[in-house]
Amino acid sequence: MNDSLREIPVSEHGVVRDAMSRNALKVTDRLQQAGHKAYVVGGAPRDALLGIVPKDFDVATDATPEQVRDLFRNARLIGRRFRLAHVRFGREIIEVATFRGSGDGDRSHEDGGRLLRDNVFGSEAEDAVRRDFTINALMYDPATEVLRDHVGGYEDVRVRRLRLIGDPEARYREDPVRMLRAIRFKTKLDLVIDAPSEDPIRELAPLLADIPPARLLDELLKLMMGGGALSGFRGLVEYGLWQELFPDLIEEPERPPLLVERALANTDERVAEGKPVTPGFLFAALFWPRVRREAQKRIDNGQPPVDALAAAGEKAFSRFTDRVQVHRRFSTMAKEIWMFQPRFEKRHGKRAMRLLGEKRFRAAYDFLLLRALEDEELRPLAEWWTEVQDVDAETRQEMIFSQPGNKGGKKKRKKKNPKRREAAESGGSAGASGQG
């Protein structure tokens, strides 16, 4: 590991000052004017080098959190394990962290090697070395447009290599979440994990059981909601991490049901198009195979379909969320989507008309399209609900309030959105907005 500083000029790396957020520049400029070191670090310089427009901007400095707060009236200090400053500019927050050290003064590990406490301030070089991956340890100085590299991260970015800093097994034991981050960076950024960093993952995957469930959810959402849901899922399965997060939720995760695979792909498509996505919809798809089977048992025993789905959903979330803490708002949305499905069978009368205006209609309709991909018998139903949304108001009234099978007096239906029919045929990828 090369721990000597390499200073790379803009003429070589090509990342200009204007590639950074204006607010991040305000923070680094003011800190530097006050006599401190201050650099944009982590994901922003990494993404800029990879040709990706940076979205999140973090700053590292030798100023203490209290000194940062004194310089910025719009700053507040957060954190217990390690104090940080958040400098707020409207909706954008610039996170400012003091350089962390590698000393043992206030660092504490458990017997298995997991880091419990890390409150040591240090130097610029120490801060770079204690980060997880080399590509995340680059420091960009907006004042000079020089890229500062202590760990060989610049070369790794150039060859699209993901490499842990230090001994990989020790670093994974120190924080097992780094295994999830490795999959996220590999799949989202199209990187190759180098062999020493890749080899321990499968063996150490069970260490995820010791991570707080809320933290695992946070990391899972970053992986699933950032545009790499399908490839991320496949990566988790490949390296044995999925089964550690949701043991036995999907019977054969190597061959997931079509509905699950399509939901993951649709999520990626929506992110690429700049459309909103919601974890509740994705959890509805991931848990559906289990919920469907349990609900069918209850229906066969005489329980009404809506009630059966509600009970099956509650049982599934109770059983399969010991490792990952799924927020109530996500599980509630998933259950509402499932409970909506039997109601689509009622296509005539006031109830059908009311469905079109209900809060969960869009999400439930998109889910119906996914179900129709797996079940041919559902396709006429999905096509009817697609069509009824696209016709003019008069024709919609006629479709809903006419008696089934009565074709007399029907007028020619006017289509308003041909893309919605494409959505019905592809499982909701065209024009679908239920995740919004």
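## Salt bridges and a helix crossing

In this predicted model, Arg178 and Glu174 are joined by a salt bridge whose closest N and O atoms are 2.9 Å apart. Arg178 has a relative accessibility of 8%, so this residue counts as buried. Glu174 is also buried, because its relative accessible area is 11%; the cut-off for buried is under 20%.

A search of the whole structure finds 31 salt bridges. Three of them are listed here.

| Salt bridge | N to O distance |
|---|---|
| Glu174 and Arg178 | 2.9 Å |
| Asp127 and Arg131 | 3.0 Å |
| Glu314 and Lys335 | 2.4 Å |

In the pair Asp127 and Arg131, both residues are buried. Salt bridges also link Glu7, Lys37, Glu124 and Arg148 in a network.

The salt bridge between Glu314 and Lys335 has its closest N and O atoms 2.4 Å apart. This pair links distant parts of the chain, with Glu314 in helix α16 and Lys335 in helix α17, 21 residues apart. Are the two residues buried or partly exposed? Glu314 has 38% relative accessibility and therefore counts as partly exposed. Lys335 has a relative accessible area of 10%, so Lys335 is buried.

Helix α16 covers residues 305-320, and Asp307 lies in this helix. At 43% relative accessibility, Asp307 counts as partly exposed, because that class runs between the cut-offs of 20% and 50%. Along the chain, Asp307 and Met339 are 32 residues apart, and their C-alpha atoms are separated by 7.6 Å.

Helix α17 (residues 328-340) also meets helix α15 (residues 279-300): their axes come within 8 Å and cross at roughly 60°. That angle makes α15 oblique to α17. The crossing of the two helices is right-handed.

Which residues make the contact between α15 and α17? From α15 come Pro279, Gly280, Phe281, Phe283, Ala284, Phe287, Trp288 and Val291. From α17 come Phe330, Met333, Ala334, Ile337 and Trp338. How many of the residues in this contact are nonpolar, polar or charged? Twelve are nonpolar, one is polar and none is charged.

Technical notes:
Residues numbered from 1 in each chain as written. Predicted model: local features only at pLDDT ≥ 70, side-chain atom pairs only at ≥ 80, totals over all residues. Heavy atoms only, no water. Axes fitted to C-alpha atoms, helices over the stretch in contact; angles between N-to-C directions. Helix = DSSP H or I, 4+ residues; strand = E, 2+ residues; numbered from the N terminus. Parallel < 35°, antiparallel > 145°, perpendicular 65-115°, else oblique. Left-handed = near helix turned anticlockwise from the far one by under 90°. Contact = heavy atoms within 4.5 Å. Nonpolar A, V, L, I, M, F, W, Y, C, P; charged D, E, K, R; others polar. Buried < 20%, exposed > 50% of the residue type's maximum accessible area, 1.4 Å probe, protein only. Salt bridge = Lys/Arg side-chain N within 4 Å of Asp/Glu carboxyl O.
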